[in-house]
Amino acid sequence: MKNVSVIGLGSMGTALARVLLHNGFQVTVWNRSSAKAEPIVKEGAILAPSAASAISASTVSIICVSNYRTSYGILDTEEVRPVLAGRVLVQLSTGSPQQARDNEAWARECNAEYLDGAIAASPSQMGEKDATIFTSGSITAFQQSELVLKCLAGNVPYLGEQVSAASSTELAFLSYLFGSYLGFFHAARILESDGLNVAAFGSMIAHVSQVVGDVIKYESEVIQSETYDNPQSSVNMCMTTVELLMEQAREAGINNEFPVFAQGLFKKALDAGYGHEELGALIKVMR
Ligand SMILES: NC(=O)c1ccc[n+]([C@@H]2O[C@H](COP(=O)([O-])OP(=O)(O)OC[C@H]3O[C@@H](n4cnc5c(N)ncnc54)[C@H](OP(=O)(O)O)[C@@H]3O)[C@@H](O)[C@H]2O)c1
């Protein structure tokens with residue numbers, strides 16, 4: 001039977017343990033509050049009396065708790081450190097790129113193989129083919145945990161041995177998503193101020209998401225290749241759109257924080273002489 005241990009039985013840890021159980025793994029679990037283990041034990045998981053005991057039950061252990069500080073509180077003890085030697089630790093708590101580097105160095109001191117993972121899905125999506133877990137770190141750790149991870153999510157990109165890559169990629173994705181959220185909320189105020197239907201607009205956005213994705217892909221290639229000349233959409237041209245957003249906010253008396261923020265960056269790019277360059281040239285004033 002395939003063994004795996006799961007430390008942390010919050011909403012996400014419980015979902016991970018459940019998916020693994022349903023995929024035929026023998027799952028050993030541990031959680032600070034043991035009462036939270038009761039439902040999953042009823043489904044077949046084995047409750048270990050300590051974190052050290054949970055880790056010693058399997059070659060691969062997943063930890064998924066509130067944050068890295070909590071994770072150290074559980075793992076950085078006299079009992080756990082020796083047990084980690086020769087085993088694989090998969091860190092699925094959310095953290096920063098530097099926290100991933102520090103955690104890998106710490107795991108190395110314990111002679112453990114370390115894989116950092118970033119879950120880009122909700123607990124109810126775990127086990128689905130569209131769920132994503134970005135991973136990076138020890139290739140040995142990835143190979144030894146690949147079977148486990150591919151049960152947890154259909155999409156498990158291994159981003160290489162640079163351990164910070166999973167966290168950086170997830171944060172980059174979240175930055176893109178949150179930028180879209182803020183733009184969308186301002187869009188909703190424009191529509192509301194003219195008595196229009198926000199939900200209908202949301203449906204329209206869903207339909208054109210492929211086109212939006214293509215535009216972002218184009219700008220990413222512009223930035224990567226540093227070729228800002230021969231613009232499809234110049235900074236000058238886009239600045240007129242930002243000014244129109246400012247004008248509409250003034251006319252309708254709505255919140256203007258989003259266009260003001262955009263206007264600030266565009267103005268810096270114009271002052272730096274990038275007006276006739278491709279929109280992606282804005283990154284030069286952000287560097
Ligand atoms: N939920 C999501 O939608 C989602 C999505 C992607 C990523 N994640 C990430 O997954 C991780 C876990 O999230 P979650 O939703 O499962 O959180 P949660 O439901 O709040 O569970 C937190 C877990 O951390 C443990 N914990 C907290 N403080 C502790 C301490 N001082 N000592 C020992 N254990 C402690 C809790 O144990 P007790 O039960 O004993 O309190 C519990 O197991 C987070 O890093 C989160 O960012 C979550």
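This is a predicted model: local features need pLDDT of at least 70, side-chain atom pairs count only at pLDDT 80 or more; totals for chains, interfaces and linings use all residues.

Trainee: Okay, so how are H8 and H9 oriented to each other?

Mentor: The axes of H8 (residues 165–193) and H9 (residues 198–207) come within 9 Å and cross at roughly 135°. Angles from 65 to 115 count as roughly perpendicular and those over 145 as roughly antiparallel, with the rest oblique. H8 and H9 are therefore oblique.

Trainee: And which residues of H9 make the contact with H8?

Mentor: On the H8 side you'll find Phe-184, Ala-187, Ala-188, Leu-191 and Glu-192. Across from them, H9 brings in Val-198, Phe-201 and Gly-202.

Trainee: What about H4 and H6, how do they lie to each other?

Mentor: The axes of H4 (residues 68–75) and H6 (residues 97–109) come within 11 Å and cross at roughly 10°. Angles under 35 degrees get their own label, which makes H4 and H6 roughly parallel.

Trainee: How many nonpolar residues does the contact of H4 with H6 have?

Mentor: Tyr-68, Tyr-72 and Leu-75 of H4 meet Gln-99, Ala-100, Asp-102, Asn-103 and Trp-106 of H6. By class, two are polar, one is charged, and the nonpolar ones number five.

Trainee: Last one: how far is an oxygen atom of the ligand from an N or O atom in the side chain of Ser-33?

Mentor: The ligand is surrounded by 21 residues, and Ser-33 is listed with the closest. For the Ser-33 side chain, that distance is 2.4 Å.

Methods: Residues are numbered from 1 along each chain as its sequence is written. Side-chain values use heavy atoms; hydrogens and water are left out. Axes are lines fitted to C-alpha atoms, for helices over the stretch in contact, and angles run from 0 to 180 degrees between N-to-C directions. Helices (H or I, at least four residues) and strands (E, at least two) are DSSP runs, numbered from the N terminus. Contact means heavy atoms within 4.5 Å. A residue is near a molecule or strand if one of its heavy atoms lies within 4 Å of it. A polar contact is a pair of N or O atoms within 3.5 Å; within protein, one must be able to donate a hydrogen and the other to accept it, and residues adjacent in sequence count only if both atoms are side-chain atoms. Ala, Val, Leu, Ile, Met, Phe, Trp, Tyr, Cys and Pro count as nonpolar, Asp, Glu, Lys and Arg as charged, and the others, Gly among them, as polar.
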